[in-house]
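Me: I would like to learn how to read the packing in a structure, one feature at a time. Could you take me through an example?

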Amino acid sequence: MKTCKICGCSFDEENFEGVVVNEGIDNEYHVCCDCVPSECNNGHIISCEACGSYFSADKLHDSKSYTPAELKALVESEA
């Protein structure tokens with residue numbers, strides 16, 4: 001069973017509708033489809049334009065612009 005970090009609703013692997021935030025790195029968590037819009041609008045989670053993955057705001061760096069290959073390497077190095 002998975003649980004939405006925001007609202008606490010539970011869902012199984014087959015019925016999961018939402019996103020995985022920080023997938024493959026520390027602090028990975030799930031957000032259900034009902035909570036995704038408000039989390040994005042409030043800047044708590046951000047969809048990467050390069051790879052389409054979702055990250056918590058604290059995982060993104062605004063001091064450097066990363067290429068998709070650099071971003072992938074960064075994510076893999078933190079795993």
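**Reading the packing**

Reply: With 9% relative accessibility, Phe 11 counts as buried, because buried means under 20%. Keep in mind that the model is a predicted one.

Me: Which residues make up the largest nonpolar core?

Reply: In soluble globular proteins, nonpolar side chains tend to be buried together. Here the largest nonpolar core has 10 residues, namely Cys 4, Phe 11, Val 19, Val 21, Tyr 29, Val 31, Cys 32, Cys 35, Val 36 and Ile 45. Strand E3 (18–21) and strand E4 (29–32) each supply at least two residues of this core, and the largest share, three residues, comes from E4.

Me: What is Val 21 in contact with, once residues up to four places away in sequence are not counted?

Reply: Val 21, which is found in strand E3, touches Asn 27, Glu 28, Tyr 29, Val 31, Ile 45, Tyr 54, Phe 55 and Ser 56 on that count. Its relative accessibility is 0%, so Val 21 counts as buried. Val 21 and Val 31 are 10 residues apart in sequence, and their C-alpha atoms are 7.3 Å apart in space.

Me: How many aromatic pairs does a search of the whole structure find?

Reply: The search finds one aromatic pair. The ring centres of Phe 11 and Phe 16 are 4.8 Å apart and the ring planes are at 35°, so this pair is tilted.

Me: Where does a lysine charge sit over a ring?

Reply: One case is Lys 5, whose charged end sits over the ring of Tyr 29, 4.2 Å from its centre. In another case, Lys 2 lies over the face of Phe 16, at 5.3 Å from the ring centre.

Me: Is Lys 2 buried or exposed?

Reply: Lys 2 has 17% relative accessibility and therefore counts as buried. Lys 2 is found in strand E1 (residues 2–3), and its side chain is joined to that of His 30 by a polar contact of 3.3 Å. Leaving aside neighbours within four places in sequence, Lys 2 is in contact with Cys 9, Ser 10, Phe 11, Glu 13 and His 30.

Me: What is the phi of Asn 22, and where does Asn 22 lie?

Reply: The phi of Asn 22 is near 60°, a positive value in a residue other than glycine, and Asn 22 lies in the loop between E3 and E4. At 0% relative accessibility, Asn 22 counts as buried. Asn 27, which is not a glycine, has a positive phi of about 65°, and its place is in the loop between E3 and E4.

Definitions and conventions:
Residues numbered from 1 in each chain as written. Predicted model: local features only at pLDDT ≥ 70, side-chain atom pairs only at ≥ 80, totals over all residues. Heavy atoms only, no water. Core = buried A, V, L, I, M, F, W, Y, C linked by side-chain atoms within 4.5 Å. Buried < 20%, exposed > 50% of the residue type's maximum accessible area, 1.4 Å probe, protein only. Helix = DSSP H or I, 4+ residues; strand = E, 2+ residues; numbered from the N terminus. Phe/Tyr/Trp six-rings, centres within 6.5 Å; stacked < 30°, edge-to-face > 60°. Lys NZ or Arg CZ within 6 Å of the ring centre and 35° of its normal. Polar contact = N/O pair within 3.5 Å; in protein donor to acceptor, adjacent residues only side chain to side chain. Contact = heavy atoms within 4.5 Å.
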